[in-house]
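Q: I have a protein model open and would like to learn how to read it. Could you walk me through it step by step?

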Amino acid sequence: MLKPVNRKWWHDKIAYQIYPKSFLDANGDGIGDLEGIISKLDYLKSLGIDIIWLSPIYKSPFVDQGYDISDYYAIAEEFGTMEEFDLLLAEAEKRDMHIIMDLVINHCSDKHEWFQKALMDPYGEYADYFYFRKGRDGNPPSNLRSYFGGSCWEPVPGTDMYYFHMFAKEQPDLNWENPKLRSELYKMVNWWLEKGLAGFRVDAIINIKKDLSFPDFEPDGPDGLAHCWKMVDSVDGVGDLLQDLKRNTFSKYDSFTVGEVFNMHEGELENFIGDEGHFSTIFDFSAQCMDEGINGWYDIPPVDFRLWRQTVANSQLEVQKHGFEANIIENHDEPRGVSRFLPEYARTPDGTKMLGTVSVLLRGIPFIYQGQEIGMQNAVWNSIDEFDDINTKDQYSIALQAGLSDEAALAACAAMSRDNARTPMQWSSDPNAGFTSGTPWLKVNSNYPAINVSLQETDPSSVLNYYRRLITLRKSPEFREVFTYGEFAPVYMDTDSIMAYYRVNDSQRMLIAANFGSEAAEIKLEYPVKRVVLGNMSNDPAGGACAEASYAGTESADFSGETLKLSSCEVAVIECEI
């Protein structure tokens, strides 16, 4: 069994990510805003959400959709005012909900006051807030390639200096070795926490530790550059910086923090999510990272079910030794999970419910991304001009340079672009999916007349109402303990199409079994069945033998003696004898 857990207020919570620009536009300018979010708090409460994560709403030029912050203390006028943000905090508190914001402190915008002062005096105090280095023989200081393509180094006008950026050139990296810079950042973090913020999602935080010699690495592309993550992999000491951040900010407020962490070193997991870890939790990106292309999006292979199943299971088994991770199907940086992890035949309401069940009942903190609860899918993209995302445009160029046709390059981007997650939320069958009365900043997915909240609200068998029952089940007094703290134990791993696992503690054993295959499948049950508590193919979602529990229905899982037969895309949540 698992070691005893130091229980925290956030362990049994359900989180929901809002991408504000695409959530709901209340003033008709085509951009989602705080007023729109406030108007949908009751909707989120009805879904069972406890924690709302807002992607960046700070003042920004929006070169990278708000992840380039020009003023950490101001709300972007596109989203509203600080008074509206304070109202959001107050209205969330009335509903016993918590707000967390994105914390983007590896880099800022080149329009930030600090960087503008650094440019004016490249040898002065503010230049040391960043990484200003002299070039080498007329070339950049090193051959590192940014995450968005091209050199990590940008010339400082009028000098022989360069500044370092791991993302876009408009996002200069902040120098975490400078105690003055750290003090400024800590003051800002505490300012927001004093306002009543419950915590932060911490962006790209593993990148804050640099090798200050900025060495060259073996080139890994025809451009003679090397991926900047190679430097991240090669350097030690980020934990000291993260503990300093926690000690001076988060720990003072019992904050909930979720880190975006890649490139973690072997054996470091407990340092990140243990009882004394740097963060409350970090995202589990294992499934998202398993199919990365060697050269770019254009050579990413299709998702292999067996590999996906093993990847999820391995991650769960390792994580539960140390703490809790945050489980996702999709987010603002990923394509839609239904389109990515399900084969075409399974991209249906039943398949969508199945994927959601497998994810939400894993051990860890479920994070639902806006639109996931209604089964939003990737859009159909007809031209590269329809995309907004700078990373997508870079990947399109990479594919063309590799010799792909325009059609093939576009197909690769259509499958993997993060703009798939950023198309406006589909509220209704009204024009622009009810997102705006104006012209939306990014095109609306053309399938919105068939997939939208309004349509699903009135359908008891809809994906939306299934998610409500699923979340109610996880949080119910009867099953909260086993689904929060129960051990994860994979089962039926030798089958061709079954993804199944137990959640078990001393008094309960729950089996979650899903058939990802195109044909029905049968498994032999290991334990006697007490009852089926949830299924995605129930005949009467509103009633049944346990009608007093809003998650229960007349479930259609097919039992025959000691076997369970699951139709294609069927999932069953079964209480077994302990």
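This is a predicted model: local features need pLDDT of at least 70, side-chain atom pairs count only at pLDDT 80 or more; totals for chains, interfaces and linings use all residues.

Q: How many helices and strands does the protein have?
A: Helices (H or I, at least four residues) and strands (E, at least two) are DSSP runs, numbered from the N terminus. Here there are 17 helices and 23 strands. The radius of gyration, taken over C-alpha atoms, is compared with a globule rule of 2.2 Å times the number of residues to the power 0.38. The protein has 24 Å, close to the 25 Å that the rule gives for 578 residues, so it is as compact as a globular protein of that length.

Q: What share of the residues is buried?
A: Buried means under 20% relative accessible area, exposed over 50%, and partly exposed in between (1.4 Å probe, protein chains only). In this model, buried residues make up 61% of the 578.

Q: How many salt bridges does a search of the whole structure find?
A: The general idea is that side chains of opposite charge can pair when their charged atoms come close. We call it a salt bridge when a side-chain nitrogen of Lys or Arg is within 4 Å of a carboxyl oxygen of Asp or Glu. The search finds 37 of them.

Q: Which parts of the chain does the pair Asp102 and Arg201 link?
A: Their side chains meet in a salt bridge at 2.7 Å, N to O. This pair links distant parts of the chain, with Asp102 in strand 5 (residues 98–103) and Arg201 in strand 10 (residues 199–202), 99 residues apart. Both residues are buried.

Q: Where do Lys187 and Glu184 lie?
A: Both are in helix 5 (residues 179–194), 3 residues apart, about one turn of the helix. Glu184 is partly exposed, with a relative accessible area of 27%.

Q: Which residues are linked in a network of salt bridges?
A: Look for Asp64, Asp333, Asp389, Arg418 and Arg422.

Technical notes. Residues are numbered from 1 along each chain as its sequence is written. Side-chain values use heavy atoms; hydrogens and water are left out.
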